Amino acid sequence: MTDQGNLRSLLQAQLSGQSLARPFYTDPGLYQADLDNIWYREWIFAAPLAELPKAGSYVTFQLGGYPVLVVRGGDGEIRAFHNTCRHRGSRICPKESGQATKLVCPYHQWTYDTNGQLLWARDMGPDFDMSSHGLQPVHCASAGGMVYVCVARNAPDFAPLREAADRYAAPHRPDELKVAHQSRIIERGNWKLVMENNRECYHCAGSHPGLCRTFLDDPDLFGSGDSQGSALGAAHVERCEAAGLPSRYLAPEDELWRLVRIPLVGETVSYTMDGKPAAPLLPGMPFANAGTLLFYHYPNTWNHYLSDHVLNFRVMPVSATETEVTTSWLVHKDAVEGRDYDLTRLTEVWIATNDEDRRVVQENQLGINSPAYMPGPYSQRQEGGVIQFVDWYVRSMLRGISGPARVAAE
């Protein structure tokens, strides 16, 4: 499937409203095409802003073939770099996160500041120019309290996303949050199966008993379109808008991202087993039962902004049939564990839901691995969000293979 002619034919044969052909979920060559044409071109969610609270805070992750480092500099700015030393290429920061005043390569101790400049390199001779051996930068920007990176030479315009996400997330005070808990799991399925599973709740009643205590299993509220297709959703949006909470459905023409606020079940406030708050109300929220602000950004994140906490989800491809899902629970920075919130109560619903989804995706992948698999029809009512995602994927891949053969930074 690495031949572009074959890939183009497969993409052009895809019928809207049907699941993808088997190679899209199983073929290593097509997985590489996903990386080249989507993951190495688009803005990718890297970390919550709250995970980088002070100068020297850093996170690392693997984006396909690229190890990436995101760090807050001494000037307060957040920057991203290729996590590879300019000496002989060793990873500079092998840990997933940490705190450092300087970035020191563990191999030969070449030392960089948090702005990426090389400060020290032993025994390199009198003609060695340290100024030309700083870390290679990666495009970096933030929106809605979330840090994004793009490894392409020329990143897509970030301004529309920043303006929209910052406005919708502002009442949740994303710059005043801290990470209460973070989990990482490996789902043994293709990254598209992980995203497809999230984009519908057709499976929720049979798979997520804890989540369904508070999350409304109503496709008119969270599918592909405006939640005001539901009378309940429309009333909720108008109530929230009147209180100063941006809530109406918003998405660009290419449907790369979307924002909309939806109600939870009844008067429930949060994703807890009893529906009551898990943490103190965030200072910018006018009332407790504001539901959840849903924020999707393809290809790798969905998020819930609640009245008492925020949930960020990061999807990262590992192989053709493996995906890492990282979940971050964010609460107000002044909230104290054990006094203002109980960690088990805060996290138990989504820890269980993530594990349930892990099993669902794994079984989906195992079935698709069969040579007997044939693409099936999606439910127009229940799986509108999946149709939207798959249509976006096909358009993005066709655009990618029609453009320059290589856009990622060398």
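Select helix H1 and helix H10 first: their crossing is left-handed (the near helix is turned anticlockwise from the far one by less than a right angle; clockwise would be right-handed). The model is predicted, with pLDDT of at least 70 needed for local features and 80 or more for side-chain atom pairs, while totals for chains, interfaces and linings use all residues. Residues are numbered from 1 along each chain as its sequence is written, and side-chain values use heavy atoms, without hydrogens and water.

H1 covers residues 4-12 and H10 residues 384-402; their axes lie 10 Å apart at an angle of about 150° (lines fitted to C-alpha atoms over the stretch in contact, with angles from 0 to 180 degrees between N-to-C directions). The two helices are therefore roughly antiparallel (an angle over 145 degrees).

Show side chains next. Gln4, Leu7, Arg8, Leu11 and Gln12 of H1 meet Val394, Met397, Leu398, Ile401 and Ser402 of H10 (contact means heavy atoms within 4.5 Å).

Move to the sheet, an open one of three strands in the order E6-E7-E8, paired antiparallel (pairing takes at least two DSSP bridges). Strands E6 (103-104) and E8 (118-120) are at the edges with a single partner strand each, so one side of each has no neighbour in the sheet. Select E7, residues 111-112: two bridges join this strand to E8 in the antiparallel sense. Thr111 is opposite Trp120 in E8.

Zoom out to the whole protein, which has ten helices and 16 strands (DSSP runs numbered from the N terminus: helices H or I of at least four residues, strands E of at least two). Along the principal axes, the C-alpha atoms fill a box of roughly 75 × 55 × 35 Å.

Methods:
Parallel < 35°, antiparallel > 145°, perpendicular 65-115°, else oblique.
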